Amino acid sequence: MFRHLSPFLKKNAPRYLLGIFVLLFVDFLQLVVPQLLKRYTDSLSVTNPSSDMIIPTAIIIGGLALGIAVSRFLWRYLIVFTGIDFENWIRGNLYGHLLKLPRSYYHRTKTGDLMAHATNDINQIRMASTGGIIMGVDALFMTITTIVIMATTIDPMLTFLALIPMPIIAIGVRVVGRIIHGKYMRVQRVFSSLSEKVQESFSGIRVIKSFSQEEEDLASFNEINQENFEENMSLAKTQSMFFPVIRFIGSLSSILGIVIGTRYVLDGRISLGSFVAFINYLEMLVWPMMAMGFLINRLQQGAASVDRVNKVFDEKSDLRDTEETPLPADLSITFKDLDFYYPGEKQPALKDINLHIPQGSSLGILGRTGSGKTTLVNLFLRLYNIKPNMLFIGDKDINSLSIRQTRDIFGIVPQDNFLFSTTIEKNIALSEREVDEEKVLEVAREAALHEEVLEFPAQYKTYLGERGVNLSGGQRQRTSIARLLYKAPPILILDDALSAVDTKTEEGILEHLDHRLDHHTTIAISHRISTLKNMDHIIFMEDGRITEEGTHQQLLELGGSYAEIYERQLLEERIERDDYVHA
């Protein structure tokens with residue numbers, strides 16, 4: 001069960017063990033108090049009681065109370081603080097592991113489930129590793145030791161009769177513990193759905209508002225929220241009935257102890273002091289019995305959470321990786337008869353791709369939706385496995401380079417211009433820990449973003465909302481372009497990176513990027529031929545194949561799909577200009 005958590009547990013076992021030792025010492029001190037009360041009561045019940053024991057007994061009990069208080073702090077420090085450290089360790093390792101998993105894992109896993117793992121599950125593991133240890137050790141030691149002391153120092157038969165109700169607790173705990181485990185699993189499942197719903201709604205709030213779907217979305221949320229309420233209430237009701245019953249059964253032992261013990265005192269079988277100590281011990285046993293109920297509950301929840309977290313740790317990336325090797329001097333790109341299938345798919349996404357992109361050159365990619373353009377560039381980023389000897393960087397198979405090396409060579413502006421909830425300058429300088437402000441200004445100018453950022457009150461210190469919600473679509477695209485230019489990798493990939501800007505702004509950006517083309521290999525995907533026409537080489541893709549290729553002029557002379565799209569876009573531009581003039 002603890003296969004993924006054992007490194008921390010092995011390292012911190014001495015702290016846990018020392019904390020358990022101190023906890024047992026506290027329990028021992030607590031067991032001494034009834035014996036002192038027994039002696040003190042017996043001394044008062046003699047014919048001529050002496051007052052000599054009053055002050056010493058009070059001092060001893062006060063000293064024991066102080067020792068118990070200090071020791072309780074110490075075991076809490078050793079066990080509870082280690083548990084908090086454990087929680088932090090698990091969360092860090094879980095997050096690091098999730099970052100290594102491939103995109104396919106996130107395609108089949110709900111965000112709500114991941115949020116539940118990182119919050120509720122880890123918290124339950126911490127509670128089991130702290131409260132579970134404390135209650136388990138405390139309950140076991142106190143139960144056994146108290147019963148032994150009661151039987152050996154007071155009366156074994158009285159102890160046996162008073163403890164008759166106690167086995168009922170153990171049986172009830174076992175039965176109800178299984179019920180609680182099942183209910184808790186359902187609570188976790190509904191919580192995941194609730195988290196997923198909230199995350200999805202807040203991310204798509206603009207769509208919800210634009211379609212006036214607030215009431216419908218609220219109704220959908222309330223439905224899941226009601227299910228969450230009902231599952232939690234079901235769990236709470238079980239727990240609410242469970243623990244009072246345990247307390248009641250423990251009280252039965254006290255009642256039996258008082259009734260039978262009183263008879264024993266009157267018959268002279270035990271002293272009054274022994275009776276007082278016996279009742280104290282019975283009261284002390286109620287907590288361990290209740291702790292057993294808490295313990296089973298907590299361990300059941302902790303075990304369920306460990307299982308859920310283990311499933312995440314058991315997920316492994318299917319991407320093949322290697323050790324870092326020296327990069328080739330020539331970073332040209334070559335495809336050789338490349339075929340590519342998405343995992344689990346029978347139809348190829350790319351077929352018979354043969355292409356050479358010299359270092360420092362530029363490639364334009366055009367094609368209709370679903371033609372395989374983005375799939376092609378995703379292979380560069382090693383998001384999927386590639387068969388050997390089909391894609392080369394210089395003279396090296398891309399599989400012989402580490403994934404990190406490959407991703408350092410390439411930089412991309414994706415179709416989804418994701419921005420983080422931080423400042424504009426930190427979004428641009430994402431590839432470095434320290435922000436180079438001069439460099440940020442330079443790349444922002446190249447991306448035609450600088451003037452607009454200066455209009456914000458905080459300028460480059462402007463804090464962006466989630467996914468850059470307070471920027472326009474064009475501003476988000478240009479921020480992503482600036483981020484790519486800041487990283488300045490050898491090979492730049494622009495995946496429809498200028499679709500949200502107007503033609504004039506596009507021309508300005510391309511003009512600024514001209515000098516970059518002399519120092520970087522550039523691969524641009526676009527639906528606008530105006531973005532691609534000055535590229536060194538252009539390919540047209542259809543159904544995962546390269547059906548046309550050449551320069552802009554060569555493709556026009558070919559008179560195929562490229563030329564047809566170009567003529568249509570020219571016509572659209574003329575219509576737009578005529579409409580603007582007549583307006």
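Mentor: Let us begin with a definition: a residue counts as buried when its relative accessible area is under 20%, as exposed when that area is over 50%, and as partly exposed in between. Please keep in mind that this is a predicted model. Of the 583 residues of the protein, 45% count as buried, and the chain is arranged in 19 helices and 10 strands.

Trainee: Which residues of H10 are buried?

Mentor: They are Lys373, Thr375, Leu376, Val377, Asn378, Leu379 and Phe380. Because 7 of the 8 residues of helix H10, which spans residues 373-380, are buried, this helix is largely enclosed by the rest of the structure. Arginine 382, which follows H10, has a positive phi, near 60°.

Trainee: Which residues touch the most other members of the largest nonpolar core?

Mentor: That core holds 34 residues, and those touching the most other members are Ile333, Leu338 and Ile523. Several elements supply at least two residues each to this core, including strand E1 (333-340), strand E2 (350-357), H10 and strand E8 (521-525). If we set aside residues up to four places away in sequence, isoleucine 333 touches, among others, Leu355, Ile357, Phe380, Phe410, Ile491 and Ile523. There is also a second, separate core of 32 residues, with Ile424, Val453, Leu492 and Tyr566 among its members.

Trainee: What share of the contacts with a separation of 6 or more comes from residues 24 or more positions apart?

Mentor: For the protein, that share is 78%. Proline 165 and serine 253 are 88 residues apart in sequence, while their C-alpha atoms are 6.3 Å apart in space. Leaving aside neighbours within four places in sequence, proline 165 is in contact with Ile249, Leu252, Ser253 and Leu256.

Trainee: Which residues form a nonpolar patch on the surface?

Mentor: Phe73, Leu74, Tyr77, Phe81 and Ile84 form such a patch, and together they have about 500 Å² of accessible area. Isoleucine 84 lies in helix H2, residues 54-100, and counts as partly exposed because its relative accessibility is 43%.

Trainee: How many salt bridges does a search of the whole structure find?

Mentor: The general idea is that side chains of opposite charge can pair when their charged atoms come close. Here the search finds 11 salt bridges. Arginine 478 forms one of them with glutamate 452, the closest N and O atoms being 2.7 Å apart. Since arginine 478 lies in helix H15 and glutamate 452 in helix H14, the pair ties together parts that are 26 residues apart in sequence. Arginine 478 is buried at 6% relative accessibility, whereas glutamate 452, at 25%, is partly exposed.

Trainee: What does the salt bridge between glutamate 437 and lysine 461 tie together?

Mentor: Their side chains meet at 3.7 Å, N to O. Glutamate 437 is in helix H13 (residues 437-446) and lysine 461 is in the loop between helix H14 (450-454) and helix H15 (473-487), so this pair ties together parts that are 24 residues apart in sequence. Glutamate 437 is partly exposed, with a relative accessible area of 47%, and lysine 461 is partly exposed, with a relative accessible area of 47%. Elsewhere, Glu87, Arg91 and Arg126 are linked in a network of salt bridges.

Definitions and conventions
Residues numbered from 1 in each chain as written. Predicted model: local features only at pLDDT ≥ 70, side-chain atom pairs only at ≥ 80, totals over all residues. Heavy atoms only, no water. Patch = residues over 30% accessible without salt bridge, like charges linked within 9 Å, V, L, I, M, F, W, Y side chains within 5 Å. Areas by Shrake-Rupley, 256 points an atom, 1.4 Å probe, with all protein chains shown as cover. Salt bridge = Lys/Arg side-chain N within 4 Å of Asp/Glu carboxyl O. Helix = DSSP H or I, 4+ residues; strand = E, 2+ residues; numbered from the N terminus. Buried < 20%, exposed > 50% of the residue type's maximum accessible area, 1.4 Å probe, protein only. Core = buried A, V, L, I, M, F, W, Y, C linked by side-chain atoms within 4.5 Å. Contact = heavy atoms within 4.5 Å.
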